[in-house]
Amino acid sequence: MELTKEQAQEIIARRVAKEFNDGDVVTLGIGLPTKAISYVPEDVHIIVQSENGVLGVGAYQDDSNRDKHIINAGGFGVTVNDGGCFVDSLTAFAMMRGGHIDITVLGALQVDAEGNLANWCIPGKFTPGMGGAMDLVVGTKCLIIAMEHTAKGAPKIVQKCTLPLTVAHKVNMIITEKAVFEIKNRQLILREISPYSSLDDIRENTPADFSVDLVK
Amino acid sequence: MVKFITAAEAVKFFKDGQTVMIGGFLNCGNPQSVIDEILKTDLKDFILIANDTAVPDDSRGKLVVAHKIKKAIVSHIGTNPETVRQYNAKEIEIDLQPQGSLAERIRAAGAGLGGILTPVGLNTLVAENKKIITVDDKDYLLETPLKADVAVVYATYADKFGNLAFHGSTKNFNVLMPMAADVVIVEAENISETPLSPDNIVVPGIFVDYLIMKENNGTD
C-alpha cells in the first residue's frame, strides 16, 4: 500500500520512540528524528540534548512563555524541563564526543550495509555543511538512522555509500516505514518488516546485501 | 582593564583581510550593533570564524550578503541561501568544520594548546591533509588552533570589569571566542554598575577588552 509522506514519517517516529529507555540521554536530528519525542510513552522519561547547548529540552514555546534566547539546534524556541541546564558549545560537544549520550537519532542521505553514513553533502548540488552531525555520531552509544526508505523512489540503503561520509562503520540501526535493520560486525540484518511492507518490497527497494533474522 | 566604547568606535579595530570571530548560533546570542557599523564602512575581505552564517538579515549573515566575507570557517551554511549562492558561484571560500572540532580549535588557541586530537572526521573529507596520530591504538585527527585578530561576542550580563554571564542558550561560541582573539569586543544586553557575583561569572573579564555601551548597543 502507498503511504503518504506524513504517514511514513509517523510510522518511523513511533518506531524510533520504542528504542528509548527511561533515563536515556538522547540527541535527535532536526526534522523527522525530533518527531519521535511525541510518541515516547508516559512512563519513559528521556533527557533530550541539543547541540547548541541545551540539556533537558522540553516542549516548544507558546505565547505564554516566549523567550528568543532559548532555542534548539534547529533555531526553534523551546522550553527546558526541570533538571535541565544550558551549556556552551565545548560542553555540549564533550557530551557527544565523550560518550555521555545514550542514543543519537539522525536522518541520512545514504546509509550502507557496513554502517557507513552520509548525510551532509551532495557534491556540486547541496552542501549545507555537517554542523554537529560528525561529532554527534562519534561518541554515542547507539546511532539510529531514521529516514524514509527511499527518496523519490531512489534507494537510500545501499551496498556502499557514494556520497561523502559523515562517519564510517558506526550506524547501529536503521528505521524506515518499511523495515528495521540492525548492523552488527559490518553486516546488515533485517529485524522487522513493517505491516505496510513485505520482504519482497524491502528487497526491491534495498540494493544492499542483508540477512534476514526477524524478531519473533 | 575593560574600556567602554560606542559601536561606531569599535570599527577602528578592524582592518581589511583580518580574521574575525563572531559569536552566536543561528538566531541566538548574536552581537548586532558592531556588525551594523561595519556595514556602513568599506571594510572587506574578512576571514570569518563562526558556528554558521546565520540567516541573510541577521548578524553574520548580513556580512555575507554585503560581500564583506572572503572566507568563512564555519560548521554550517544551509540556513543562509546567500552564502550557498556565493559558494556555488565561487564568490566566497567556505571551510566547513565539524562543530565540536571548531569549538575545540578555538579553545586550543585560547588555552595555549598546539591543537587537539579528535576521532571526529576520520575516514571523511575532513581528514584530508591532516595528520593522524595514534594514542593507545586509537586513531585521532590533529586539529590545529584557530585564532582571530578580533572577536565580537554577545553576553546577556556584563559588569564594568568585563565579566560576562549568559541567559538561556546564548552561551554557545560566545563563551569560547573571547579567549582566542587579540581584540575582544562584547555587546551585552545588561551592563551592571555593581559587580556580577563571582559565582555566576562565565567569562572572566580579563578576556574582554571593550564593552559596547548599552545606549549605543542595538543588541537584543
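I started with chain B, where strand β4 (residues 69-74) runs parallel to strand β5 (residues 93-96) and 4 bridges join the two. For my own bookkeeping, two strands pair if DSSP finds at least two bridges between them. Helices (H or I, at least four residues) and strands (E, at least two) are DSSP runs, numbered from the N terminus. Within this pair, I found Val74(B) opposite Leu96(B) of β5(B).

A note on the source: this is a predicted model, in which local features need pLDDT of at least 70, side-chain atom pairs count only at pLDDT 80 or more, and totals for chains, interfaces and linings use all residues. Residues are numbered from 1 along each chain as its sequence is written, while chains are lettered from A and ligands numbered from 1 in the order in which they are written.

Next I looked at the crossover: β4(B), helix α4 (residues 81-88) of chain B and β5(B) form a right-handed β-α-β unit. Right-handed means that, with the strands pointing away from the viewer, the path from the first strand over the helix to the second runs clockwise.

Then I turned to chain A and traced an open sheet of 10 strands with mixed pairing, in the order β4-β3-β2-β1-β5-β8-β12-β13-β14-β15. Its edges are β4 (78-86) and β15 (211-212) of chain A; each has a single partner strand, so one side of each lacks a neighbour in the sheet. Inside the order, β8 (residues 142-146) and β12 (residues 173-175) of chain A run parallel, joined by 3 bridges. There I noted Ile174(A) in β12(A) as the bridge partner of Ile145(A).
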